[in-house]
Each structure stands twice: as C-alpha cells, then as structure tokens.
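Okay, thanks for coming, everyone. Let me put the model up on the screen, and then I'll walk you through a few spots in it.

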Amino acid sequence: MAKAEGKAAVVPFSPHIHSGASTTRIMWDVVIALMPAGIVGVWLFGKGALVTIGISVGTALVTELLANLLLKRVPTVLDGSAVITGLLFAYNLPPAAPWYVTAAGAFFSVAVVKWAFGGLGSNFMNPALGGRIFVMAAWPAVMINHWSLPVDSFAAQHPAVVANVSMKISMVTNRDEIVAPVTNYLTNFATNFLTRAEAAAKTVSVDALTSATPLTTLKFHGWDGVQGLGFDQLLPRFLGNVPGCIGETSAAALLLGAVYLVARRAIKVHISLVFIATAALLSWVFGGLPFHSGLFTGHPLYHVLSGGLLLGAFFMATDPVTSPITFAGGIVFGALMGVLTVVIRLWGGSPEGVSYAIVLANIFVPFIDRLTRGRIYGCKLPRPKAEAAK
Amino acid sequence: MRLFSFRRGGIHPKGGKPAAMLPITNAHLPHYVIIPMSMHVGESAKCLVKPGDVVREGDRIGEAVGLISSHVHASVPGRVTAVQKLDLVHAKGVECVRIETGGNIRNWYAEKRDWKKLDNAKILEAIREAGVVGLGGACFPTHVKLSPPPGCEIKDLLVNIAECEPYLSADYRLVLERPEDLLEGVRIARKLLGNPQAHLCIEDSQSDLIELFGSLLQDESGIVVAPLRSVYPQGSEKLLAQAVLRREVPSGKLPPVAGFVAQNAATLVAVMEAVVYGKPLIDRVLTFSGAGVKEPGNYKVRIGTPIRHLAQDHGLPSKYAVLVAGGPMMGRSTEDQDVPVVKAMNGITVLRKKDDYRVKNQPCIRCARCVDVCPTGLEPTTLSKLCEAMRVEEAVSEYGLLNCIECGNCAYACPSTIPIVGQIRWGKSFWTRQQVRAKSS
C-alpha cells in the first residue's frame with residue numbers, strides 16, 4: 001500500500017482522544033490549595049514561619065533535583081510533587097523550628113521516603129509525615145517545646161503597645177453591625193497582629209512567646225486547663241489563633257483549600273469526610289473517659305479543630321499514592337485513621353495522633369485494596385470465575 | 001422518561017456529533033474498489049475470481065468456508081485487475097480483489113419478497129447468501145448469530161441504536177431516515193429467534209428517534225423503545241444487557257447463555273434488504289467526521305472504496321494527526337489512505353495533532369480515576385502494572401484481564417496518560433499465545 005501524503009503522527013492504539021487531565025495539574029492544584037494555610041500561618045506566627053517554609057520547600061526541590069541527576073531520571077522538579085512535600089512538611093513543624101531540623105526532615109522526606117522507594121507513585125507512606133516522624137524521633141525536644149504563641153496571647157502581655165496600635169486602627173474601622181462578635185474579634189486580631197509586628201521590631205525574646213498547644217493542654221491539664229468551650233473560645237481555634245504547627249491551626253484556611261480541591265476534583269474527598277466524621281464521633285463517645293466523666297461526654301468540635309486533623313484529613317490522608325484505589329477502601333481507610341487518631345490522642349503517650357494514624361493506615365493500604373475489590377461484570381465475586389480463561 | 005444505563009463508571013468523551021443533522025448522501029462511485037476476502041469473524045472467504053474476470057455488481061467473488069464465515073460480493077460492476085495480499089487496517093496480509101469500475105449499476109429494489117411466507121431455514125439462507133455480518137464493528141456472520149444453539153431460549157432481542165462513540169452518526173441517520181426498514185428487519189429477526197421481546201436501545205440525546213418510534217410502535221406488540229442515558233460506552237453489548245435487561249453475560253460466555261441476542265441497527269436493515277430484496281451486502285453508511293474535518297458528512301459508501309476517495313471529496317487537511325477507522329475511542333488508526341472501507345467501518349474520524357493522545361511517561365499516582373470510570377468493575381491500574389511486569393497469569397486469574405472490553409475509558413481518564421488499553425491488549429495476546437503454545441506441546 002502506498003504511503004499517504006501529509007505527515008501524520010500516528011497513535012498506534014485506541015483511545016485516540018484524552019480527557020485532558022494531567023498529573024502535573026493535579027499537583028499544582030494541591031499547591032494552590034495549600035497556599036491559604038501557609039499565608040495564615042505566616043501571618044499568625046511571623047517571620048520564623050516563612051523561613052521554615054522556605055527552607056523546607058527549598059531543600060525538597062534541591063533533593064528532588066539531586067535524585068533526578070543521581071538516578072538518571074527525567075527531571076521531575078517542576079511537576080509539583082516536591083513542592084507539595086516541602087510545604088506539607090513545613091506545615092507540620094512548629095514555627096520556630098531550627099533550620100537544621102527543617103532541612104534534615106525535608107531531605108529525609110524526599111530522598112528516603114520517596115526516592116529510595118522508586119519516586120513518585122512508589123512511596124508506601126506519606127513523605128511529609130515520614131519526615132515529621134523522623135524529626136520527632138531525632139529531635140524530640142523541638143516538637144514538644146518550641147511552640148510559638150500566636151498574636152492574641154502576646155498582646156495580652158503587652159497592653160501598652162496594644163493601646164497604641166488599637167487607637168490607630170479604631171480610627172479606620174468603627175462599626176457596630178450584625179456580625180458584631182466576629183467583627184470585634186477581627187479588629188482585635190488586626191490590632192494584636194500589628195502590635196506583635198511593632199514589638200518584634202523591638203526584638204522581644206523568643207521565650208516570651210512560647211506556650212502549649214491546645215491538645216497538649218488537654219492531655220496534661222484536662223478540660224479545666226482548656227479555658228472554656230463556647231463560641232468565643234472555639235472561634236480562635238477555627239481561625240487559627242492558637243499555638244500549633246505552621247499549617248495546622250487555621251481550620252478556615254484549610255477548609256478554603258479543601259473546597260478548591262473538591263471543586264477541581266483533585267482529591268478522594270470521601271476519605272477526608274469519613275476520617276473527620278469517625279474522629280468526631282469517637283471523640284464524642286469516648287472523649288470523657290480519660291477524665292472519668294463517662295461515655296458520650298467528649299467535645300467533638302474541639303477535637304476536630306485541634307491538632308493536625310483537618311490538615312491531615314484533607315491534604316495528607318488523601319495523597320493519592322498512599323490511599324486505597326477503591327471507593328469502599330477509602331471508607332475503610334478513613335475510618336481506620338479516625339479510630340487510630342482518637343485512640344492515640346486519648347490513651348496514647350502523645351497528645352497528637354494524626355501523623356501516626358495516617359502513616360499506620362498507609363501501611364495497611366495494599367491489604368485494604370485487596371479486601372475491597374469491586375465485583376467484576378459477569379462474575380459474582382471480585383475475582384473472575386476460574387473457567388474464564390478461554 | 002425513565003432512562004436505562006449500565007451500573008458502574010462511564011465517561012462523556014469530547015467530540016459531540018457534528019454530522020448528526022446531515023442527511024445520508026450517496027458517495028460518488030469510486031474508480032476502483034479493493035475487496036478483502038476477510039472482513040468478518042471466522043474463516044476467510046475463498047476467492048472465486050482471477051484477474052481479467054468481468055463481474056457484475058453483487059456477484060459473489062468470495063465463498064464462505066465453513067459455518068462461521070461469510071460470502072463476499074463485488075460492490076461495483078467491472079473487471080478484476082488484481083488479486084493480491086495487502087495490509088489493511090484490521091489485519092495484515094489479507095487476500096484482496098481489486099476491481100476497476102465499469103458497467104451498469106443494478107436496481108436492487110425492483111422486486112419484493114414476502115418473507116412471512118418463508119420458513120426460518122430459507123430466511124437464514126437468504127441472509128447467508130447476502131453475506132450479511134454485524135455492522136456495529138464486530139462483523140460476526142449474522143446468519144449464525146440469528147440461529148442460536150438449541151437449548152438456549154432467547155427471551156430478548158436488543159436492537160443497538162446507541163451510537164455512543166463521539167462523532168459517529170451513521171446509525172442515527174440511517175434509522176431516522178428509514179425507520180420502517182429497521183422495523184421490518186426487527187420483525188424478521190424476531191421470527192428467526194422465536195419471537196423474543198425486542199428493545200430498541202436509543203440514547204436520550206437522540207430524543208427525536210425515541211419519539212418517532214414511540215408513535216410508530218403504538219399498535220405493535222413485541223417491540224418497545226428502551227431509552228438510555230447518553231454516556232460512553234452505553235452501546236457495548238454486554239453493558240446494554242445490564243442496563244436494559246438487568247441481566248449480565250456470565251464471564252467468559254456469550255449472550256445467548258443469558259437469553260438474549262444483540263444486533264446493530266444497520267445490520268438489521270441489511271437483513272431486511274437481503275431477505276426482502278435479495279440485495280447482498282455491498283454498501284454501508286459511515287460518518288466522515290472528526291475535529292480535523294471542516295465539513296463532515298454521512299455517506300452511503302460501496303464496500304471496498306479506498307478512504308482516499310472519500311477524503312478527496314472533503315479536503316482532508318494535509319497535516320492531520322490521525323485517521324481513525326471507526327470512532328476515536330475504539331477505532332484503529334492508519335496512516336494509509338489507500339485502505340478500503342470494509343464492512344466493519346462505521347466511521348472515519350480525522351483528528352488534529354492537538355487531539356492526539358500523547359503518552360507522557362509519567363508514573364501512576366494511584367489517583368484511581370481509571371477504577372472509577374471502568375464500566376466492567378476492573379482495576380485498570382493494577383492490570384496495567386501486572387502486564388508491564390509480565391505477570392499476565394495473575395492478571396487473568398485474579399484481576400479479570402480477559403473481561404476487559406477495551407472501551408478506553410481508563411486511558412481517556414488517566415492524568416499520567418498511561419496507555420492502559422495498549423498494555424491490556426498486549427497482555428491478552430501474550431496469554432493467547434501462551435495458551436496456544438501449551439495446547440500444541
């Protein structure tokens with residue numbers, strides 16, 4: 001047969017059209033979704049947070065590049081996955097983490113958890129969490145002691161500076177409208193933020209800024225240590241104004257990112273929802289037990305808004321590589337993480353359980369996938385019938 | 001209106017039906033045709049002519065060999081100039097007859113036969129004489145399909161008008177323009193199969209067809225309209241059964257085991273023409289369309305017409321990317337414009353370079369979109385990895401490799417553009433070769 005005129009780039013087999021979906025685009029969507037939490041983290045915790053994020057992402061990118069060169073792979077530095085690992089790892093650190101801790105952990109996440117196992121698609125646990133656990137084991141003091149106070153508590157200790165800044169602000173915003181509590185709160189928040197900025201310019205010592213996180217308070221001082229659970233106390237936890245890791249404190253920012261991801265259909269969101277629901281349910285049922293107040297006396301909202309639950313549920317549990325591929329498997333996975341989180345938080349040695357819960361569940365994923373295989377057309381079971389071979 | 005659909009997965013591929021509004025026109029008679037001796041499932045036909053022979057339109061030039069085989073006819077009058085082995089789109093090294101066109105065209109519609117007076121054996125013989133095969137793409141000899149094995153009770157006949165691939169509108173136009181001919185074909189098929197319930201499977205995007213048949217069938221019992229949700233691959237025979245009949249074909253078996261037979265609409269029209277007018281299968285309707293074609297169309301084309309002949313009438317762009325015989329999801333690509341139109345070719349889809357599916361070599365990130373869209377309930381990502389690791393045995397026995405219908409949903413949805421269907425096909429052929437080797441040793 002004669003060759004046709006007109007050069008054609010032949011695709012040898014069907015299908016010949018494609019949806020246009022792209023792995024790179026999914027990765028960068030996740031990066032975009034992580035931006036609000038990072039911005040709020042820097043806003044709350046200041047320059048230290050920005051430096052930590054920068055070191056983490058930078059180290060991750062450099063490590064990725066080194067791995068590409070050493071393993072002679074097609075460069076994957078710009079596919080977004082190293083940036084995600086860098087950001088997520090940083091979001092799991094306290095704002096004032098020493099630079100060597102950040103760098104070592106980011107390097108570990110990318111080089112060991114990801115590349116030693118084969119690169120993108122082959123890691124068996126979440127790289128950022130692998131890095132966090134490594135750091136927790138190698139420098140335990142850092143993760144326990146270096147929590148920074150967000151702006152509110154600082155302001156409470158420096159009233160003179162507050163008054164000064166507050167006057168400047170009230171000249172701009174002076175409204176008494178419907179959402180008064182929130183408006184007042186935000187005004188105070190702005191005041192305090194600027195106060196802190198002013199104070200930072202006068203170089204106040206770091207020690208004055210540290211405090212315990214909400215979950216640490218709960219574990220070691222019980223519900224009495226936690227001052228109240230009304231709207232006024234929960235709102236700061238929702239907006240992020242509590243001590244904690246850089247990216248995990250602001251539920252509002254995280255939810256914003258999560259909504260974006262769901263709209264872009266970038267994550268397996270059923271996993272997140274089951275995780276959160278299970279953790280909430282179990283913390284309600286069993287939350288009072290360590291304090292001897294009986295069943296059904298826990299405070300689910302407090303637990304959901306504290307610690308890395310939202311960050312973990314929406315951004316780390318849904319990492320496609322380390323989560324199940326079946327829908328039913330995702331439900332089982334989410335429930336497992338919910339159970340593990342609550343068990344560790346209530347009865348384990350550590351106040352925070354999400355990182356361990358996610359990593360332990362990651363390890364179970366191949367097993368979960370096998371257990372939850374769907375039914376194949378024409379068969380009664382997930383496997384095809386034995387005589388199908390023709 | 002209640003819509004039927006298959007249970008799992010499905011996609012809405014891009015493309016639309018740009019030719020849906022265009023009535024069928026007869027393509028100009030080509031100067032020559034190339035007629036393959038094998039355009040059907042089963043044994044190749046035995047060539048009956050040699051170079052120099054003069055043939056009339058409709059003469060038998062290839063004789064069916066055995067039960068599962070089909071006659072082949074000259075689609076134009078003229079002189080045989082060559083009999084040689086050629087590489088076609090669907091197979092290589094096929095014996096083909098080249099005929100230079102010349103002579104008188106016949107009028108096939110002059111005499112009508114009353115098929116109701118014939119017994120089933122005679123009707124089947126007429127279908128076999130005419131070389132009718134499945135025109136939906138599979139090309140199974142129709143006279144065999146419409147005579148189910150004894151012991152299989154056929155309760156349902158699925159008339160497949162669900163043209164689910166993008167760009168294709170040949171069946172739609174044929175049925176819209178000749179509904180009575182289709183119905184007559186359905187009645188003939190019903191008689192042959194023992195009067196099963198017939199379902200006209202029509203997608204809801206073709207609501208005019210649904211309404212048309214709604215009114216035509218008011219006084220007819222035994223034939224009903226089954227409206228379907230428009231989603232790909234609704235037209236797959238096995239999935240139609242799950243959607244309309246709520247029954248599944250058991251893994252590894254054929255539809256009669258599940259008590260039904262499915263036939264493409266164009267096949268039934270060809271059956272009608274064979275039985276009522278004695279017309280052999282020498283032409284078919286196809287859609288010439290695609291993102292690379294400015295003026296698409298639906299054409300009644302003689303079997304054996306070189307694609308080039310149609311392309312010339314259309315101003316095919318000189319820099320097209322892919323010429324696909326069939327629809328873009330399951331068709332086969334070709335660079336060669338000299339290949340002929342065969343009985344299976346329901347469309348020619350021309351895609352531009354930018355529609356070209358480029359494999360990027362990114363790794364699988366287990367996003368599971370392939371699992372979500374697979375209508376058969378398989379895990380394409382697992383099958384892909386097993387085939388790549390040559391663990392085909394495991395793929396067949398544990399993960400259902402052989403159950404894959406190769407619809408292409410997985411590869412369409414994959415963000416890493418992994419050529420999953422290609423890997424599965426490789427796995428299947430590897431398995432077949434292993435089985436053949438095992439049997440012969």
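Let's start with α3(A), which is mostly covered: 11 of its 11 residues are buried. Buried here means that 20 or more other C-beta atoms lie within 10 Å of the residue's own, while 12 or fewer makes it exposed and anything in between partly exposed, with C-beta atoms placed from the backbone. Helices are DSSP runs of H or I with at least four residues, strands are E runs of at least two, and both are numbered from the N terminus.

Before I go on, a word on the ground rules: this is a predicted model, so local features need pLDDT of at least 70 and side-chain atom pairs count only at pLDDT 80 or more, while totals for chains, interfaces and linings use all residues. Residues are numbered from 1 along each chain as its sequence is written, and chains are lettered from A and ligands numbered from 1 in the order in which they are written.

Back to α3(A): its buried residues include S81(A), G86(A), F89(A) and Y91(A). What do they pack against? The partners are α1, α2, α4, α5 (127-138) and α15 (309-316) of chain A. Contact means C-beta atoms, placed from the backbone, within 7 Å of each other.

One of those partners is α2. Among the buried residues of α2(A) are I53(A), V57(A), A60(A) and E64(A), and the buried set packs against α1 (23-45), α3 (81-91) and α4 (99-114). Just after the helix, K72(A) takes a positive phi of about 55°.

Zooming out, chain A has 17 helices and 0 strands. Of its 390 residues, 49% are buried.

Now chain B. Here we get 13 helices and 17 strands, and 55% of the 441 residues count as buried. A compact globule with 441 residues would have a radius of gyration near 22 Å, and chain B has 22 Å, so that agrees. That radius is over C-alpha atoms, and the globule rule is 2.2 Å times the number of residues to the power 0.38. Along the principal axes, the C-alpha atoms fill a box of roughly 60 × 55 × 50 Å.

The contact between them takes 5 residues from domain 1 and 4 residues from domain 2.

Next, W115(B). You'll find W115(B) in the loop between β8 (94-101) and α1 (120-129) of chain B. Is W115(B) buried or partly exposed? It has 18 C-beta neighbours inside 10 Å, so it counts as partly exposed. Leaving aside neighbours within four places in sequence, W115(B) contacts I123(B), I188(B), V275(B) and V276(B). The C-alpha atoms of W115(B) and V276(B) are separated by 6.4 Å, although the two sit 161 residues apart along the chain.

I188(B) also turns up in contact with V271(B), which touches I127(B), V132(B), T142(B), G185(B) and A189(B) too, not counting residues up to four places away in sequence.

Notes:
Contact = placed C-beta atoms within 7 Å.
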